[in-house]
Amino acid sequence: MIYTITLNPAIDRIIRLKENLQLEHNNKTKQKHIDLGGKATHVSAILTQLGTDNLAMGFYGQNNRDELEVIFEQYNMDHDFHEILYQSTRESTVVINNSGGSYMITEEGLNVSENDIEKIYSKIREKVKTDDIVVIAGTPPKGFSPRNLMELIQILKSRQAYIAVDLSKEYLEEAIKAEVNFIKPNEHELNEVYTGSSSVVNKFKNISNEIEDALCTLGEKGVLFEDGGKVYQAIPPSVELKSDTGAGDAFVAGYIHALSRGLDKFERIRFGIQVSASKVQQYSSCLINIEDFEEINKNIQIIEVS
Ligand code: TA6
């Protein structure tokens, strides 16, 4: 079974503009819609579209719980979240330029207590079994420290689960220290952990030496990965960009889907790129079109970089 844990989900308010966003200008909207936000929730929504069973877990706020439940239902997602009383799930405003590309403005969100954290630990102890896959992604809420992440990872290790972490800064450092199975910083997040002027490939080697499935996403330049002691870059074909919001989450969903089916690392990477390159052709944060995959897959380039 696959579980996703979003400790601080979001409700995305997506605004498409008639032009590109300009300062001191009355920017006119073309379309607005509400969508799912919060990274690991995106992984669940996409796994569900791929027909892969999974359960979305995490915290959500009592005040706007119904609004998030409606979105979960729209994506037909199985979910079991712990409700934080008297608080609201945060909102993320995603402004999409007419020429593609987006701006994201996200609230801080929930403030969880040790009691709340213990509740989610109990759910995980009850549900997660050996060889289950658990994806933890999205900026944690106030009250959830890197120590709490370490405790969560230890619970998952005691269950001999495959642990995939898509977090940044001190949380990413904790995940590396704990030698989880999978991490996927983007270039910016890698540079936050490994400062200095060495190349992204050399910085990537720091994590690929520690973590069996270490990846580094490079936006439209694709993704770095290691296999057999060599570092490769998988480059997606260029596609019509509608929104890059959620592209990294989509890659994680595709990779985890392929992993759950026992595919090798090259196939996991290829599938992650197919899902991600399909997602960016959608305005939604986590919609894909499986019919895009064959054309994308035919045009993926994989080159050895070190
Ligand atoms: O990755 C896209 C996204 O999940 C948006 O939907 C928005 O909710 C934002 O990122 C939340 O990011 P954060 O890192 O704050 O959890």
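A salt bridge is counted here when a side-chain nitrogen of Lys or Arg lies within 4 Å of a carboxyl oxygen of Asp or Glu. By this rule, the count comes to 18 salt bridges. The model is predicted, so that local features need pLDDT of at least 70 and side-chain atom pairs count only at pLDDT 80 or more, while totals for chains, interfaces and linings use all residues. Residues are numbered from 1 along each chain as its sequence is written, and side-chain values use heavy atoms, with hydrogens and water left out.

**View 1. Asp213 and its salt bridges to Lys265 and Arg268**. The side chains of Arg268 and Asp213 form a salt bridge with an N to O distance of 3.1 Å. Arg268 belongs to helix H9 and Asp213 to strand E11, so this pair ties together parts that are 55 residues apart in sequence. Helices (H or I, at least four residues) and strands (E, at least two) are DSSP runs, numbered from the N terminus. Asp213 also meets the side chain of Lys265 in a salt bridge, at 3.6 Å from N to O. Because Lys265 lies in helix H9 (residues 265-279) and Asp213 in strand E11 (residues 213-217), this contact joins parts that are 52 residues apart in sequence.

View 2. Buried denotes under 20% relative accessible area, exposed over 50%, and partly exposed the range in between (1.4 Å probe, protein chains only).

**View 3. The salt-bridge network of Asp80, Lys123, Glu126 and Lys127**. Salt bridges link these four residues, Asp80, Lys123, Glu126 and Lys127, in a network. Within it, Lys127 pairs with Glu126, the closest N and O atoms being 4.0 Å apart. Glu126 has 54% relative accessibility and therefore counts as exposed.

**View 4. Helix H8 and the residue Gly262 that comes just after it**. Helix H8 comprises 14 residues (residues 247-260), which should span 20 Å at 1.5 Å a residue; its end C-alpha atoms are 20 Å apart, in agreement. The expected span is 1.5 Å times one less than the number of residues in the helix. H8 is mostly covered, with 12 of its 14 residues buried. Among them are Phe251, Val252, Tyr255, Ile256 and Leu259. Just after H8, Gly262 adopts a positive phi of about 75°.
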